[in-house]
Amino acid sequence: MAKVLMVCLGNICRSPLAEGILKSKSFLSGMVVESAGTGNYHIGGPPDSRSIEIAKKNGLDISNQKARQFKTADFDEFDLIYAMDSSNYRNIVRKARNDLDTAKVHLILNELFPNEDLDVPDPYNGGEHGFKMVYDMLEQACEVIATKLS
Ligand code: 4NP
């Protein structure tokens with residue numbers, strides 16, 4: 001049973017969506033899915049209202065999630081750690097203790113576009129459109145992940 005951690009900066013926009021989307025696809029496989037942020041700005045808070053809204057439009061309720069910060073112990077807890085962008089990736093890998101930890105970390109869009117090292121853009125300072133685009137990217141990437149892990 002795979003344990004998957006989705007990671008962005010604030011854990012309020014992108015990774016809560018990735019958590020909600022992958023969870024919705026994992027009910028048969030028993031996968032465990034959580035999310036975290038590399039930053040500490042929003043610890044304990046709910047997802048951004050725009051993420052809650054775009055999830056709701058797509059039939060998902062992510063409103064009960066609570067932001068938390070990525071920690072070194074997450075390398076022990078999770079099999080796969082997906083970073084939303086290359087900055088998140090670097091910040092996670094900086095905490096790795098060895099090559100096994102590092103090998104667990106992947107850029108999520110490499111599941112869709114292998115080896116292209118593309119970022120899920122940070123929608124925090126943009127409008128609604130950015131959240132829809134992020135949702136659509138994550139939906140496609142999570143479909144690939146769910147198929148691989150099921
Ligand atoms: P996220 O977006 O990393 O997708 O959750 C952000 C949310 C908050 C901030 C930055 C990015 N912030 O600077 O507060």
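Visitor: Which residues in α1 meet α6, and which in α6 do they meet?
Guide: This is a predicted model. On the α1 side there are Arg14, Leu17, Ala18, Ile21, Leu22 and Lys25. They meet Val134, Tyr135, Leu138, Glu139, Cys142, Glu143, Ile145 and Ala146 in α6.

Visitor: And how do the residues of that contact divide by class?
Guide: The contact of α1 with α6 has ten nonpolar residues, no polar ones and four charged ones.

Visitor: What about geometry, at what angle do the axes of α1 and α6 cross?
Guide: Roughly 40°, and the axes come within 9 Å. That angle makes α1 oblique to α6. As for handedness, α1 passes α6 in a right-handed crossing.

Visitor: OK, now α2. At what angle does its axis cross that of α6?
Guide: Helix α2, residues 49-57, and helix α6, residues 128-149, have axes that cross at roughly 55° and come within 10 Å. So α2 and α6 are oblique to each other. The crossing of α2 past α6 is right-handed.

Visitor: Which residues make the contact there?
Guide: From α2 you get Arg50, Ser51, Ile54 and Ala55, and from α6 Glu128, Phe131, Lys132 and Tyr135. By class, the contact of α2 with α6 comes to four nonpolar, one polar and three charged residues.

Visitor: Switching to the sheet: in what order do the strands come?
Guide: The order is β2-β1-β3-β4, four strands in an open sheet with parallel pairing.

Visitor: Which strands stand at the edges?
Guide: β2 and β4 (105-107) do. Each has a single partner strand, so one side of each is left without a neighbour in the sheet.

Visitor: And how far are neighbouring strands turned against each other?
Guide: By 25° on average, direction ignored.

Visitor: Zoom in on β1 and β2, then. How many bridges do they pair over?
Guide: Six, with β1 (residues 3-8) and β2 (residues 32-37) pairing in the parallel sense. Met6 has Ser35 of β2 as its bridge partner, and Leu5 stands opposite Glu34 in β2.

Technical notes
Residues numbered from 1 in each chain as written. Predicted model: local features only at pLDDT ≥ 70, side-chain atom pairs only at ≥ 80, totals over all residues. Heavy atoms only, no water. Axes fitted to C-alpha atoms, helices over the stretch in contact; angles between N-to-C directions. Helix = DSSP H or I, 4+ residues; strand = E, 2+ residues; numbered from the N terminus. Parallel < 35°, antiparallel > 145°, perpendicular 65-115°, else oblique. Left-handed = near helix turned anticlockwise from the far one by under 90°. Contact = heavy atoms within 4.5 Å. Nonpolar A, V, L, I, M, F, W, Y, C, P; charged D, E, K, R; others polar. Pairing = 2+ DSSP bridges.
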